[in-house]
Amino acid sequence: MTKPSLPDLLHAAVSAVGGTERPGQVAMAEAVADAVDDQAHLLVQAGTGTGKSLGYLVPALAHGERVVVATATLALQRQLVERDLPRTVEALHPQLRRRPQFAMLKGRSNYLCLHRLHEGVPQEEEDGLFDVFEQATPTSKLGKDLLRLRDWADETETGDRDDLTPGVSDRAWGQVSVASRECLGASKCAYGAECFAEAARERAKLADVVITNHALLAIDAIEGAPILPQHEVLIIDEAHELVSRVTGVATGELTPGQVSRAVRRAAKLVNEKVADQLQTASDTFERLMELALPGRLEEVPEDLGYCLMALRDAARTVIVALGSTRDKSVQDEDAVRKQALAAVENVHDVAERIVNGSEYDVVWYERHDRFGASLRVAPLSVSGLLREKLFTDRSVVLTSATLKLGGDFNGVAASLGLGPEGTAREDEPVWKGLDVGSPFDYGKQGILYVAKHLAQPGREGSRDDMLDELAELIEAAGGRTLGLFSSMRGAQAAAEAMRGRLDVPVLLQGEETLGELIRTFSADARTCLFGTLSLWQGVDVPGPNCQLVVMDRVPFPRPDDPLMSARQKSVEEAGGNGFMAVAATHAALLMAQGAGRLVRATGDRGVVAVLDPRVERARYGSFLRKSMPDFWYTTDRNLVRGSLARIDQAAKAAVGEGAVDEGAAGEDAAGE
C-alpha cells in the first residue's frame, strides 16, 4: 500500500475542521514531518491564524509513533481534544487505515478523589469533609458546591474538574481531591478500581496522542518518576510559556501556616516528644517570618539557617516515626498518615534545599497583604534542566506565535538550554528554527504607534500626560480598546481616570471573572477593558470591538523581583548583557503577545499604541519593535488619531452591512 502523502493528509484534515489551507501551515507540517523522521528538534514560529495545531498534529499522526502534546492553557487543551483531534482522526482514517486514539492527562489534583468524597478529609480541626457537610447549610455556597459534587460524582465519566460546569470554589474542590503525595495508591485504596486519575493514566498508556500541560511535563521531567507514557515525539505548544511554568514547578515555598498544618497532621500519629520537636521549630520559624522583609537573601541569615536546620531535622524524625506508628484510635489511618507524610516531607525537602545552599538556587522572602510572609527558593535557571530532561531520546517540536525575539530564535533557545542555531557542541542538542509567517498582512491591517512625545515613565508617581494621550486615543477609536498595563495599580488609576473623563464603559480586571469581562468586552463596541498580565496573553476578540490595543509602558520585570534580578546578575557575571538577556527579553515576549491581541482575523484593522517613548528613543527600542508583528510604524499622533477615527466610522457603517471596510487601516497606514 502506498504511503499517503502529507499534502493530501493535511488537505483532508483542514477540510474536516472547516478551515482554509495556508502556505505557512503547509511549510510547518513539512518541517515537523522532517524533524520527527530525523529525530531532530525544531522551533516553529507560527503566527495567529496559521492553523498550527493541524500543522503539527497531521505529521505526528501520520508518523505513527506515540506523541505527547503539552500546552500552557486549558483553552488549547480543550480545543485539541474536543475539536481538532476528533475531526482530524476521522478525516485521516480513510488514508491512514487506522484511527489513532487520543487522551488527556492532568495532575492528580485535577481529578475527583472517590476516597476523599466517601471517607472524608482526615479530621483536622474544622477542615473535615463531613464536618463541612454538616456545618454548611444547604443554602450556603460551600454547601451547594459540596452537594453538587456528590451528585456529579455519580454522573461524570472523567472526574475531571474542568468538565464540571459551572465550576466550584477551590475550597470545595479541596475537600474532594488529593495531591499526588497524599494519594494512597490504587493498590491500597478501597476505591482504586474506580479511580478517575488512574483511569486517565490507563487511557494515556493506550493512546497514540496524549494531551497534557506544561506543569505535568515539568513534574514528569524533574521528579524522575514517570507520569507520562513512553513517547517518541514531544510537541510543546504555547512554548513561550514553558520556562515560567517549569520554574513554577521547580519553586519551593515555606509559610508559617503550612508548617503549622504539617505539625497538626503529624501530631496524632507520633509520640509527644517527636511532635514537640517539630512544634518548637515551627514556633521559631513563625517568629522569624513575622520580622521578614521582602527581598532576596544572597546569604541565609544565621538565625534563619539554624531554624531551617531544626525544621529539617525535626521533620526527618517525624517522617521516620510515621513509618512505624499504628494508632487504632485514628479512623482511616492510612489516609491520615499519607496526608501527614506529604505535609512533613514538603517541609523537610524545602528546608533542606535552602540549608544546602546551592549556587544554582535563589532564596527570597515574599510578603503578601492577605497571606503574610513566605520563604521561597527557585532555580537560578531552568535551561540546564530542560536541556538534560527534554531533548534526549525523542524529537522535540516547540511552537508559538512568539518565539523570535529581536529578529531571531536564539534568545528563546538559550532559555531552553539550546546553543545558537546551527552550532554543534557536544553537550547541546542541535536544532533548527522556522518562521512560517502569518496569513495576516500586518503592514496593511495594523499600525504600531509609539508616543515618543510623552515623558519617560518613572518608577512612582502619576503620568498625567499618558492619561491625556490614552483618553484622546480611546475617544478617536470610539471605545473598542484593550488596555494592557504593567501593574494593577496603573490599570486601576487609568480606569478611574477614564471613567471620569469619557462617556464609554470601562471594565477593570478583578471586578468580575476574567471570562465574563472578556465576554462583555467582545459584545459591545464602545466598551474598554483594562488589566494586567493575563490580558496580555489571554484575550481573543476578533472583529471591530477590539481595534485599539494600548500598552502603558514597557513591561520590564520589577527591579526588586528577586528571581529576575538574580538571573540578570548571573548573566552579567558570566560576561553577558544581563539587561538584554533577561529584562528586555521578558518585556519583548510580553509586548509581542500583547500586540498579537489586535489582529485575530483577516478582516481586523486597528492600532497598537505604546505610551512609552523608550520604544523609540532607547537603544533597546529596536529590539522590542522587531519582536512585535510587522505593523506599519509611526510616531505621528495626529495620523494615528485620524486613522482610528476612520476605522471607527468604517466599523459603525459596517454594522448594517455585515462587513468592515477592509481597506480602512491599510490605506491610512501605507498612504500617509
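Me: Which residue forms a salt bridge with Lys106?
Reply: Look for a salt bridge, which is a side-chain nitrogen of Lys or Arg within 4 Å of a carboxyl oxygen of Asp or Glu. For Lys106, the closest N and O atoms of the pair are 2.6 Å apart. The partner is Asp162.

Me: What kind of model is this?
Reply: Residues are numbered from 1 along each chain as its sequence is written, and side-chain values use heavy atoms, with hydrogens and water left out. Local features need pLDDT of at least 70, side-chain atom pairs count only at pLDDT 80 or more, and totals for chains, interfaces and linings use all residues, since the model is predicted.

Me: Back to that pair: how many residues apart in sequence are the parts that Lys106 and Asp162 tie together?
Reply: Helices (H or I, at least four residues) and strands (E, at least two) are DSSP runs, numbered from the N terminus. Lys106 sits in the loop between strand E3 (102-104) and helix H5 (114-119).

Me: Is Lys106 buried or exposed?
Reply: Buried means under 20% relative accessible area, exposed over 50%, and partly exposed in between (1.4 Å probe, protein chains only). Asp162, with 24%, is partly exposed. Lys106 has 6% relative accessibility, so it counts as buried.

Me: That loop between H7 and H8 also holds Pro166. Which residue does a cis peptide bond join to Pro166?
Reply: Most peptide bonds are trans. Here the bond is cis, with omega about -10°. The residue joined to Pro166 is Thr165.

Me: How many salt bridges does the structure hold?
Reply: One of them joins Glu202 and Lys205, with the closest N and O atoms 3.2 Å apart. Arg312, Asp313, Arg316 and Glu352 are also linked in a network of salt bridges. The count for the structure is 35.

Me: What is the separation of Glu202 and Lys205, in helical turns?
Reply: Glu202 is partly exposed at 41%, and Lys205 is partly exposed at 48%. They are 3 residues apart in helix H9 (residues 196-206), so their separation is about one helical turn.

Me: Which residue meets Glu511 in a salt bridge?
Reply: Glu511 is in the loop between strand E14 (506-508) and helix H21 (514-523), and its partner, 12 residues apart from it, is in helix H20 (residues 488-501). The N to O distance is 2.8 Å, and the partner is Arg499.

Me: What is the phi of Gln39 near?
Reply: Most residues other than glycine have a negative phi. Gln39 has a positive one; this residue lies in the loop between H2 and strand E1 (41-45) and is exposed at 63%. Its phi is near 55°.

Me: And what is the phi of Arg97 near?
Reply: Arg97 is in the loop between helix H4 (74-96) and E3. It is exposed, with a relative accessible area of 61%. Arg97 isn't glycine, yet its phi is positive, near 65°.

Me: Which residue's backbone oxygen does the side chain of Ser395 reach?
Reply: Ser395 lies in strand E10 (residues 395-400) and is buried at 1%. Its side chain comes to 2.6 Å from that backbone oxygen, which belongs to Ala40.

Me: What distance separates the C-alpha atoms of Trp364 and Leu375?
Reply: Trp364 is in strand E8 (residues 361-368), and it is buried at 5%. Leu375 is 11 residues apart from Trp364 along the chain. Their C-alpha separation is 6.0 Å.

Me: Last one: what distance separates the C-alpha atoms of Ala199 and Arg553?
Reply: Ala199 is in helix H9 and is partly exposed, at 30% relative accessibility. Along the chain, Ala199 and Arg553 are 354 residues apart. Between their C-alpha atoms the distance is 48 Å.

How values were computed:
Polar contact = N/O pair within 3.5 Å; in protein donor to acceptor, adjacent residues only side chain to side chain.
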